[in-house]
Every structure is written in structure tokens, then in C-alpha cells.
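I open this notebook to keep track of what I look up in the structure. The entries follow the order in which I went through it.

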Amino acid sequence: MSKDKKLSIIPVKAPLVGRAVPPGSKSITNRALLLAGLAKGTSRLTGALKSDDTRYMADALRAMGVSIDEPNDTSFVVTGSGKLLPPKAPLFLGNAGTATRFLTAAAALVDGTVVIDGDQHMRKRPIGPLVDALRSLGIDATAETGCPPVVVNGTGRFEASRIGIDGGLSSQYVSALLMMAAGGDRPVDIELLGEDIGALGYIDLTAAAMRAFGASVEKTSPVVWRVEPTGYSAADFVIEPDASAATYLWAAEVLTSGSIDLGVPNGAFTQPDAKAYDMIAKFPHLPAEIDGSQMQDAVPTLAVLAAFNGTPVRFVGIANLRVKECDRIRALSTGLTQIRSDLAREEGDDLIVQSDPSLAGKHLPAEIDTFADHRIAMSFALAGLKIDGITILNPDCVGKTFPAYWRTLAGLGVRYANEG
Ligand SMILES: O=C(O)C1=C[C@@H](OP(=O)(O)O)[C@@H](O)[C@H](O)C1
Ligand SMILES: C=C(OP(=O)(O)O)C(=O)O
């Protein structure tokens, strides 16, 4: 992938109309791959996402003895032995948060050493709370910098009936421990510590996937989940389309007064970002304040959309966007102010977007630094549908979760000025 590549978007002259189906859900695909890998027997996953993040997860599981076939572009056939084996080399997981966090906890079920590592971005994303939780179980786990690489020297077993975890920085720590806990030898209560957790809906997604693979997980209080030591059973599992990917298509539709058929009703999604649909549908009357805490990956979409809103929008509840693939609050304020210097500002961890519907149709040349973050690339492409002069740097970073993004927009009639 060339990091020097640029893609200039030609504003659309007509509403975007047509069919554009988002790929399978990243979150659900990576949960299903892990759970199928921990199960004994063969599981068939259909509707799956094939992208950088799911490739890292699949390759890591292969390195731990799981057989994974890919009969077509949207399926995985996963055969596990009921046990993950120690890999011969460190697991390299790029910038895939789900793969990194989920496998760090799963490594506690491995009898041997597992090293979990990622690229330079992942090496800045905190994992300390999850490593501390593993240590509290008596597992020899270390992350010297508080970020990957993580070294886990497991015995394949852990002794605990209660695990406390602060999910303030990432709900993925909680999901990771929940999925690992079913592999123990006694019931485990996972208790949320601290005040905040990002999208709680991701925990529901985890519990649903666990149940589909035979686990028993129940919420016994607003902050405690009990997981029984069932292990996992192989299953055939259908993965729904990605709700975060859908947000770009929903936004493209309202921005161009178009009509895009996603092939799935917006009410059919179980992922947290589907909440963004109702918000996007309010455009150009987005509210003065949007709480992004329960639809975090949709915030870049909403922030770029807000630039064209009738009135300004303050985004709150988004502090942990600073520890995603990049500091997304900074990337959004940087990109928006490159388009026009007064278009956005940060106030603490809030982002204020100074809306202006008259941006549409203007020539405002801006090279958008994506910071190699797929969501920054995909959301600023929306600005390019209306403003002349928007160029996306390193556009191939969309391969993390939506490799066909540029082709999908092209299929709706979007054209690019240069693809060099
Ligand atoms: O559990 C998941 O699948 C995810 C949880 C969220 O991350 P955090 O829990 O780190 O906020 C989200 O941003 C990420 O894209 C996917
Ligand atoms: C935050 C994201 O990903 P992850 O944490 O899984 O790397 C995302 O896809 O927006």
C-alpha cells in the first residue's frame, strides 16, 4: 500500500442514487473468528468482512493451530481443536484494536508464551488495564510501555471467580475478558470498575456472539456479567453488515438528497453505530449537542456532516476517540480547519463544528491528512461530495475495515480526479 497515494474527489452534481451494500461487520467477524477458533469442531461464518483487521485475526488464529479456509469473499470455515497453541513467532496485528485486545485475553488460555504486537499506531494504543486484569488472575502478562507489545506466559488455566476491569479507555478490554472467561474452569463474574465505558452496545454484541457459540453469559447487575465455564461449541453463524460502514452511505444519501439502498433495513443492525441513523436523518437540523459515547465510530461521519448543518454542533462524550487508530478529535479538527480555518475547534475533549451550509459548491482546496485512519479517510470523502478541492492522503487506509469503499462510491456515480 502506497502511503504517498492521493485521491481527489469530484463533487457530485446529482443526488447519489443506487444500491451500495456495506461489507460484513468488523466487530462481529472478529468476535466470531475468535470464538470459532476456541471451539472444537468446524464453524461456518458467512457474511463476514475480509479486510486488514479480520486478516490479522485469522492469521493469528492460524498461527495458534486453528485451520481457517476461505471458500469465497465473505465466508470463513474455521476448525478448532478446542485449544489455542502457543505461536512460534509474535502475533502481528497491525492496528486492529479488536484483534489485539481480544487475543491478549485469549492468550491466557494458552499453555506457553504469546507475544501480541502491532504497528506503530497500535504501539501507542493503551492496553495496560487489560494486562493488569490478567495479572490479577495470577497470569504472567507484561506490557512495558502500557501499550503493545504484550507478552503473556500462560499455563492454559487461570484461578479466579471475579475479574475487575476499567473499560473507560476501551470497551474492548471488557469484551476480551468476557470471551476468555468461558474458557475457565469455574463461573467468573466480570465487574466493570470506574465510571465510564464506551459504547456498552459492544458488550451486548460480545454476549450475543458468545451465546451463538454455546456460552452462557448473564448480566447480574448493571456492572457485572457472569460467565459460566462452558467453553465454546462450533456453530454456523451469519454476520450482519457493518453499521459503522453504513454511516458513510447514510450520510452520502442525506448530503446529496439521494436514495441509497443498503440492502439491509436500518432497524436490522444490532451494532451500536446503527444509532447514528436517526441522527443522520435529522440533517440539516442536527442538534446543538451530540453525545458520541454510544456510537463512537460514527463520530467522524457525523462531524463532517455537521460542517454542512444549519447550525453548529458540539460533540461530547468522545474523549476516548483520542486513543483510536489516531487521535480522532485532533484529526477531525485538523481536517476541518484545513478546509476552512474557523470550521472546527477543540475544547478539552469536545469537538465543536462551526457549521456552514454554504460550503457546498465552493472551491476550497484541502489535502486531508488521514493519519492512516480509515474513518478519517472515509468521512472526509463526504466533504468531497460537496466541496471542490478535497484530496484524501493515503486513501488505501480504508482497507482496515472497508476495502471496497472507493469502488462502492464510484458505483454510485462518484468520480475521482486523480488516482495517482
Ligand atoms: O468491540 C468492538 O468491536 C469495538 C469497540 C469500540 O472500541 P473501544 O471499545 O476501544 O472504544 C469501537 O471503537 C471499535 O471499532 C470496535
Ligand atoms: C476504533 C476502531 O477500530 P479498532 O479499535 O478495532 O482498531 C474503528 O474501527 O473505528
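Entry: I began with an open sheet of four strands, whose order is 20-21-1-22 and whose pairing is mixed; strands pair here if DSSP finds at least two bridges between them, and helices (H or I, at least four residues) and strands (E, at least two) are DSSP runs numbered from the N terminus. Strand 20 (363-368) and strand 22 (415-416) stand at the edges with a single partner strand each, so one side of each has no neighbour in the sheet. I then looked up strand 1 (residues 6-10) and strand 21 (residues 388-393), which run antiparallel and are joined by three bridges; Lys 6 stands opposite Leu 393 in strand 21. Helix 11 (residues 374-384) packs on this sheet and touches strand 1, strand 20 and strand 21, its direction making about 170° with that of strand 21. For that angle, axes are lines fitted to C-alpha atoms, for helices over the stretch in contact, and angles run from 0 to 180 degrees between N-to-C directions.

**Entry: basis.** I note that this is a predicted model, in which local features need pLDDT of at least 70 and side-chain atom pairs count only at pLDDT 80 or more, whereas totals for chains, interfaces and linings use all residues. Residues are numbered from 1 along each chain as its sequence is written, while chains are lettered from A and ligands numbered from 1 in the order in which they are written.

**Entry: domains.** The assignment, automatic or from a database, gives domain 1 (6-23 + 241-416) and domain 2 (26-238). Their centres, taken over C-alpha atoms, are separated by 30 Å. I found 19 residues of domain 1 in contact with 19 residues of domain 2, contact meaning that C-beta atoms, placed from the backbone, lie within 7 Å.

**Entry: ligand 1.** Which residues come nearest to ligand 1? Of the 13 residues around ligand 1, they are Ser 27, Ser 170, Ser 171, Gly 198 and Tyr 202, where a residue is near if its C-beta atom, placed from the backbone, lies within 6 Å. Helix 3 (97-106) and helix 5 (172-181) are the elements that give two or more residues to this shell, and domain 1 and domain 2 each supply at least three.

**Entry: the whole protein.** The C-alpha trace spans about 60 × 45 × 40 Å along its principal axes.

Technical notes. Two residues are in contact if their C-beta atoms, placed from the backbone, lie within 7 Å.
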